[in-house]
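Here is a short note to read beside the model. Please keep the sequence and the 3D view open as you go.

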Amino acid sequence: MYAISTVAERHNVGAIGYWEGTFEERPVHECGWSIVSGSQGKGFAREALLLLLAERASIDANLHLYAFPSIENEASNALCRTSGFRFERSMDFEFPPGHTMRCNIWTIDAASNP
């Protein structure tokens with residue numbers, strides 16, 4: 001995980017990262033991000049995602065990343081779409097436990113250039 005900070009605003013505006021997980025009974029690398037409400041819509045998530053993808057490509061060009069934003073999260077779905085992710089399908093997930101959330105499943109190879 002990485003903090004997303006700005007020099008101009010001199011504080012953290014969010015976080016981004018990737019981690020090992022399991023999807024459909026196989027190991028995957030999932031990525032995710034979050035930007036505080038007062039800093040959303042300024043391009044911080046996109047810039048951080050592009051940096052994350054570049055870093056991962058330099059380490060393992062074959063790494064395949066997944067993102068699972070809620071179908072209702074228009075900003076994260078747009079970020080996936082404009083950053084080179086490929087839409088696979090929508091699916092119900094239990095998150096948090098006891099709550100069903102409908103997500104879009106997006107994938108990208110770390111070496112892809114948006």
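1. How much space lies in the largest pocket? About 560 Å³. A pocket is an open set of points on a 1 Å grid over the protein atoms alone, where a 1.4 Å probe fits, with protein on both sides within 12 Å along at least five of seven lines. Its volume is the space filled by probe spheres set on the points, which are joined across faces, edges and corners.

2. A word on the source. This is a predicted model, where local features need pLDDT of at least 70, side-chain atom pairs count only at pLDDT 80 or more, and totals for chains, interfaces and linings use all residues. Residues are numbered from 1 along each chain as its sequence is written, and side-chain values use heavy atoms, without hydrogens and water.

3. Look at the lining of the largest pocket. It has 23 residues, and Trp19, Glu30, Phe68, Pro69 and Met101 are the closest to the centre. Lining residues have an atom within 4 Å of a point. Strand 3 gives the most, six residues. Strands (E, at least two residues) and helices (H or I, at least four) are DSSP runs, numbered from the N terminus.

4. Nonpolar covers Ala, Val, Leu, Ile, Met, Phe, Trp, Tyr, Cys and Pro; charged covers Asp, Glu, Lys and Arg; the others, Gly among them, are polar.

5. The second largest pocket has a volume of about 280 Å³. Of its 15 lining residues, Ile35, Ala45, Ala75, Ser76 and Leu79 are the closest to its centre. Strand 3, helix 1 (44-59) and helix 2 (74-82) each supply at least two. The lining holds six nonpolar, seven polar and two charged residues.

6. Which residues do ring pairs link into a cluster? Phe23, Tyr66, Phe68 and Phe93. The structure holds six aromatic pairs. Rings of Phe, Tyr and Trp (its six-membered ring) pair if their centres lie within 6.5 Å; planes under 30 degrees apart are stacked, over 60 edge-to-face, and the rest tilted.

7. Take Phe23 and Tyr66. The pair is tilted, at 5.6 Å centre to centre and 50° between the planes. Phe23 lies in strand 2 and Tyr66 in strand 4 (residues 64-67), so the pair ties together parts 43 residues apart in sequence.
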